[in-house]
2 protein chains.
Amino acid sequence: MAAAIALSMRGRGRTAPNPNVGCVIVRDGKIVSRGWTRPGGRPHAEADALDGADAAGADVYVTLEPCAHESARGPACADLLAAARPARVIVAAPDPDPRTDGKGVARLRAAGIEVVEGVMADEARRAMAGFFTRLEKGRPHVTLKLATSLDGQVALPDGSSQWITGPEARAHGHVERALADMIVVGRATVEADHPTLDVRLSGLGNRSPVRAVLTHDWSNFSKLDLRAEQPDWRHLPSPEAIRDLEGIDYLLVEGGAGAAAAFAGADLVDRLILYRAPILIGRGLSALGDIGLGNLENAHGRWRLADSRMLGKDRFEVYERAS
Amino acid sequence: MAAAIALSMRGRGRTAPNPNVGCVIVRDGKIVSRGWTRPGGRPHAEADALDGADAAGADVYVTLEPCAHESARGPACADLLAAARPARVIVAAPDPDPRTDGKGVARLRAAGIEVVEGVMADEARRAMAGFFTRLEKGRPHVTLKLATSLDGQVALPDGSSQWITGPEARAHGHVERALADMIVVGRATVEADHPTLDVRLSGLGNRSPVRAVLTHDWSNFSKLDLRAEQPDWRHLPSPEAIRDLEGIDYLLVEGGAGAAAAFAGADLVDRLILYRAPILIGRGLSALGDIGLGNLENAHGRWRLADSRMLGKDRFEVYERAS
Ligand SMILES: NC(=O)c1ccc[n+]([C@@H]2O[C@H](COP(=O)([O-])OP(=O)(O)OC[C@H]3O[C@@H](n4cnc5c(N)ncnc54)[C@H](OP(=O)(O)O)[C@@H]3O)[C@@H](O)[C@H]2O)c1
Ligand SMILES: NC(=O)c1ccc[n+]([C@@H]2O[C@H](COP(=O)([O-])OP(=O)(O)OC[C@H]3O[C@@H](n4cnc5c(N)ncnc54)[C@H](OP(=O)(O)O)[C@@H]3O)[C@@H](O)[C@H]2O)c1
């Protein structure tokens with residue numbers, strides 16, 4: 001299942017509104033086929049793994065309950081699997097989509113196939129967080145990225161921030177971009193830095209997400225230099241406007257302090273990723289603007305450490321929404 | 001030797017100008033006696049361990065080369081040890097004090113005792129950092145403490161900072177106080193918080209260090225409320241003035257941002273301890289004021305991560321001066 005979850009990450013940021021699922025077929029302890037949801041959402045992971053493979057009598061690991069609904073773009077995965085006659089299907093997370101919601105598993109069992117549920121369900125949900133956030137909250141999953149010094153600064157007073165973190169952390173930041181459907185920055189960051197926000201990693205250049213600027217003001221947006229060079233930039237008039245985005249399940253907020261605070265203050269951040277360099281800056285620009293915190297008590301209990309490791313000399317930490 | 005180093009920490013913050021040494025006597029794989037430099041600097045660790053113990057034929061572990069100089073307050077430890085006839089003396093760090101500087105080891109060898117040098121020397125030097133900093137730099141060893149949110153803030157805009165970190169981190173902060181000879185805070189922190197800076201840990205209450213206020217201005221100092229209640233506060237007119245302090249080998253700087261920046265900007269911080277709570281504050285007070293950083297390149301390469309662990313929900317990190 002861990003291998004299937006890792007495979008599911010290949011589709012992350014490119015399958016919306018479909019979930020980025022992973023699938024592995026195992027016979028006699030050997031992986032005989034692998035699949036993942038392809039860009040655009042089709043084929044589904046199970047169809048991808050079954051394509052050209054003989055699954056009869058095998059174990060099929062899949063990170064999400066197989067879908068029970070046919071569509072113009074393909075048959076239901078539960079039917080495909082039933083026809084392939086595996087011995088067992090091992091499922092990580094149930095699919096809350098009302099068109100499936102237990103029907104996928106039921107159909108497999110009705111076909112006489114053994115089904116095991118709930119294997120590494122938390123890890124699978126985390127890998128498909130965009131899909132679950134969309135279904136449960138009606139909006140994309142939001143990651144906020146902050147790259148700071150030990151004292152929480154993101155730039156010198158003149159705005160210079162090249163470089164705070166080292167090459168390993170910056171490369172990781174580009175992987176995070178590749179895993180997003182859309183990247184958002186504040187208007188002032190666009191004006192100060194003219195960021196391209198592309199994915200500068202070999203082999204992943206084609207994965208650059210949609211770019212958006214957070215600004216209250218359409219006229220501010222339409223005046224931005226960047227639009228002339230790269231007309232695909234989009235306008236986001238408020239953090240709440242992410243509810244109206246279609247085809248965007250994973251959103252990455254890259255700053256500056258105003259945009260970061262707008263998302264945090266609106267309680268729209270699901271995952272906080274921190275890159276911290278072992279340096280002190282002192283007087284500079286803080287990572288986060290006003291989030292409207294009235295007292296310290298309200299700040300507590302919101303974040304749970306989910307990952308922590310070194311990236312070169314920098315520490316990488318992931319915090320997830322605690323509730 | 002690890003046990004001897006742990007014992008040496010019992011004297012830390014109370015033995016200046018003597019080093020806080022630890023000593024363990026082992027026979028047949030069992031510890032038969034332990035010693036550490038006592039408050040005020042006497043007895044030395046070796047004398048403390050030898051007192052009432054039979055070391056003949058035993059192994060003696062000591063974190064610093066035994067001293068070779070007699071004083072009015074006691075004989076040289078090298079002579080004491082030679083007279084006790086151990087089989088071996090295992091030494092962590094050499095003593096750079098010109099009165100010893102190799103003579104302690106030479107005297108033991110001349111008495112026919114086997115000496116092993118350099119065992120866990122780095123760890124021992126770290127445990128006795130105040131002594132080494134005094135000898136090598138002519139000033140106390142300085143620890144700067146910062147207790148921040150994930151975004152590097154130490155308080156809300158109104159100055160309230162109760163509480164950012166949890167009880168485990170705060171208790172640890174009191175242990176750090178107990179390990180210091182002196183605690184320094186900036187004048188504005190005294191005026192805002194009226195801190196007592198005492199050690200509120202059961203059993204360690206008698207270890208509260210000398211308190212000092214950083215302020216350019218004697219008249220500002222003499223007007224401080226705190227002095228009326230606790231007349232033992234001292235005045236520190238600048239970070240550089242720590243060079244004139246006598247009997248202070250370990251200094252702890254507790255803030256605020258101005259005092260912290262004054263020490264960091266003067267390159268007088270040897271050890272940085274960070275307590276980071278899993279919260280976001282946004283607009284607030286930054287941990288560090290202006291340290292006079294001209295460009296980001298100059299910020300790099302100064303700090304090396306020496307320790308990192310969780311204290312309850314908070315992360316504790318120790319950085320040491322890299323050069
Ligand atoms: N080191 C790093 O990791 C890093 C990363 C990013 C940025 N930076 C630096 O950060 C600085 C810019 O930060 P900043 O805080 O000044 O600006 P910013 O966050 O980039 O942009 C602020 C703007 O975002 C818009 N905005 C904010 N809240 C909004 C809301 N609730 N709804 C709609 N629009 C909203 C407003 O635009 P309108 O006024 O047009 O409405 C606001 O002026 C630059 O110097 C940049 O170099 C550093
Ligand atoms: N959460 C926490 O961990 C924490 C810890 C401590 C403080 N705080 C908060 O931090 C705030 C105070 O911070 P702050 O930055 O305003 O002030 P501060 O650092 O406490 O004090 C600043 C003062 O220190 C003196 N000073 C600074 N540099 C000096 C130098 N090079 N030589 C001599 N004296 C020097 C000056 O005093 P003169 O003007 O008299 O010369 C200066 O005004 C308070 O709100 C406090 O509650 C929070």
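Student: Which residue has an N or O atom in its side chain 2.6 Å from an oxygen atom of ligand 2?

Tutor: This is a predicted model, so the distances are computed from its coordinates. A polar contact is a pair of N or O atoms within 3.5 Å. An oxygen atom of ligand 2 meets an N or O atom in a side chain at 2.6 Å, and that side chain belongs to B:T215.

Student: Which residue places a backbone N or O atom 3.2 Å from an oxygen atom of ligand 2?

Tutor: Backbone atoms also take part. A polar backbone atom of B:G186 is 3.5 Å from an oxygen atom of ligand 2. The backbone N or O atom at 3.2 Å comes from B:A257.

Student: Which elements give two or more residues to the shell around ligand 2?

Tutor: The shell holds 24 residues, with B:V154, B:R187, B:T189, B:T215 and B:H216 the closest. By type, 10 are nonpolar, 11 polar and three charged. The elements that contribute two or more residues are α8 (187–193) and α11 (257–265) of chain B.

Student: What is the volume of the pocket whose space ligand 2 takes?

Tutor: Ligand 2 takes the space of the largest pocket. The volume of the largest pocket is about 1,300 Å³.

Student: Which element gives the most residues to the lining of the largest pocket?

Tutor: The lining has 47 residues, and those closest to the pocket centre are B:T189, B:D193, B:E254, B:G255 and B:G256. Elements of chain B that supply at least two lining residues each include β6 (141–148), β8 (182–186) and α8. With seven residues, the element that gives the most is α7(B).

Student: How do the residues of the lining of the largest pocket divide by type?

Tutor: The division is into nonpolar, polar and charged residues. The counts are 23 nonpolar, 17 polar and seven charged.

Student: Which residues that line the second largest pocket are the closest to its centre?

Tutor: The second largest pocket contains about 1,100 Å³ of space. Its lining has 38 residues, which divide into 18 nonpolar, 13 polar and seven charged. Elements of chain A that give two or more residues include α7 (167–178) and α11 (257–265). The residues closest to the centre are A:V154, A:S161, A:T189, A:D193 and A:E254.

Terms used:
Residues numbered from 1 in each chain as written. Chains lettered and ligands numbered in written order. Predicted model: local features only at pLDDT ≥ 70, side-chain atom pairs only at ≥ 80, totals over all residues. Heavy atoms only, no water. Near = heavy atom within 4 Å. Polar contact = N/O pair within 3.5 Å; in protein donor to acceptor, adjacent residues only side chain to side chain. 1 Å grid on protein atoms, 1.4 Å probe; cavity = no way out; pocket = protein on both sides within 12 Å on 5 of 7 lines; lining within 4 Å. Sits in = over half its atoms within 2 Å of the grid points. Helix = DSSP H or I, 4+ residues; strand = E, 2+ residues; numbered from the N terminus. Nonpolar A, V, L, I, M, F, W, Y, C, P; charged D, E, K, R; others polar. Points joined across faces, edges and corners; volume = space filled by probe spheres on them.
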